[in-house]
Amino acid sequence: MLAAQTEIESAHTSDKTYPQREMISVEDLSLIFPSPDGEVNALSNINLNIKQGDFVSFIGPSGCGKTTLLRVIADLEKATSGGLKVNGTSAEDARLNRLYGYVFQAPGLLPWRNIRDNCALPMEISAQSSEHQTKQIDKYLKMVGLQEFHNKFPWQLSGGMQQRASIARALCLNPDLLLMDEPFGALDEITRDHMNIELLRIWAETQKTVIFVTHSIAEAVLLSTHIVVMSPRPGRIIKVIESPLPRLKTLAVRDQEAFHTLAAEIRSALADEHAID
Amino acid sequence: MLTKIIEKKWFALVSLVLALLALWYAAALVMNGKQIIQNYERKHQTWTYSQVIDQAYTVKRPMLPAPHQVAIELKKSIFDKSVTSKRSLIYHAQITLNSTLLGFALGSLLGILIAIGIVHNKTLESSLMPWVIASQTIPILAIAPIIVVVLGAINITGVVPKAIISMYLSFFPVTIAMAKGLRASDTLHEELMYTYNASAKQVFWKLRWYSAQPYLFASLKVAIAAALVGAIVAELPTGAQGGLGSRLLSGSYYGQTEQIWAALIVSALLGSILVWIVGLVEKRLLSRRGGPANV
């Protein structure tokens, strides 16, 4: 507990030189889906380490296994072979201990619950006190800018607002790890920019580890401390790039030289491997 | 101007009702006329068509009473009698309603419980489902007297045997719809519950129960109509002293066709009102999620 406290404090003072503990470690992990016309190598020999407090993006064309890898970490899929540790335990134990919050591509709000009760769902399940629930919901709905909409039902909200509500729902459990599967994929560019900046702010504020699946190079560069470039057939990691940009960025970073250099590096990594054909 | 009137909803409704009434009057003329002509010929009397038309809508115990005769009978047995009188249709409708509602409640509960069992247990599905389906292939007219007699032998009489027959008819649609509805929850929502490490009980009460509700309400409308049919059928062969079924039966004993038709119309009205009430509750409960269609 004391160690964790020091870590958070040091995170506030220094930019990236504080001691980080390992959040995810993946060793030689493979996942084969059986299918009627042969096996599909969804993931092949994945090796990856993610440190606590990092913002890591998985990027690659469709079919490269980025979502599958995220689902394996979340214990939504089981690896065929290889090792995986999430916060030092197995993925299943991490799930059973409710270590992570998962944000799906679609908001997935329950249509019969209003926004407040949707956010309460994971806390009801983990049997937290109703005072604590109210406190958390108020805090995170405010953070995503939905405090005025707390008693609306999902169908009364726009897609972007629904997705923000689903992020608030994931944050309410206060998980150490946030797994996000193209959460802004369905949003228009303006909303998406806004959500990206909001997410960076929330990440900086809460010191969580974020794993973020995207197929937008610009989004990956804007958000991440590390970018994992993936390629399909078989799904594999071709490069892990550490971002030279500061941890907390603004949209203006997109006009900087370093931003474009990094984007070009990702693009060439994808092209080198004929990842896009 | 004319096309505007034709497009109106009430125009379609009124034309349909008028067409049905015209058809009914025509059918009454043909069916009762035949009877009147036979009567004349049996007595070797001469007759004219105008005589037949005159008598077709006034004859006692007609084969098919005309709509206005049924309306008069309805007025007599609804408004001109005290509701406690054995000649009041309200009195009989209320007896039938009691066993309908009890049977509907029991049937819905049984249907839901069987569906929960089926959904949570593969063995129950393969062992119970054939019996559930077989139960509905047995003619209710054959089994209703048996149920009443057997229950009577162990001193269960009155509303309960009738309610059990209603239950017997109404549990089936609820079972089938709930078995489907409880499995109809969104994969995304199920995965979400999985990431929360929710127990089976929590998944049921927080997810499946709600995603099944649109299916449940669709089946409850069928079930309440079936429960009414069950209650009436139960009153038919068992010599029940009251209820719409007993009115139908006594009407046919004594050739009181107006009485039969009046009872039929009251039971149809009762059924419509019951289905409408279920629909109202459905609308109220499901509207907050964006309407019954938006599940």
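I looked up the buried area between chain B and chain A first: about 2200 Å², with carbon and sulfur atoms giving 64%. Buried area here is the accessible area (1.4 Å probe) that two parts lose on being put together, summed over both.

This is a predicted model, in which local features need pLDDT of at least 70, side-chain atom pairs count only at pLDDT 80 or more, and totals for chains, interfaces and linings use all residues. I note that residues are numbered from 1 along each chain as its sequence is written, that chains are lettered from A and ligands numbered from 1 in the order in which they are written, and that side-chain values use heavy atoms, with hydrogens and water left out.

I then listed the contact (heavy atoms within 4.5 Å): 25 residues come from chain A and 21 from chain B.

Next, salt bridges (a side-chain nitrogen of Lys or Arg within 4 Å of a carboxyl oxygen of Asp or Glu). I find two across the interface of chain B and chain A. In one salt bridge, Arg71(A) meets Glu191(B) at 2.5 Å, N to O.

Which elements of chain B each supply at least two residues of the side that touches chain A? They are α9 (187-195) and α10 (200-211); helices are DSSP runs (H or I, at least four residues), numbered from the N terminus. α9(B) gives the most to that side, with seven residues.

Last, I checked pLDDT, the predictor's confidence in each residue, from 0 to 100. Chain B has a mean of 89, and 97% of its residues reach 70 or more. Within chain B, confidence is highest in α9(B), at 95, and lowest in helix α1 (residues 2-7), at a mean of 76.
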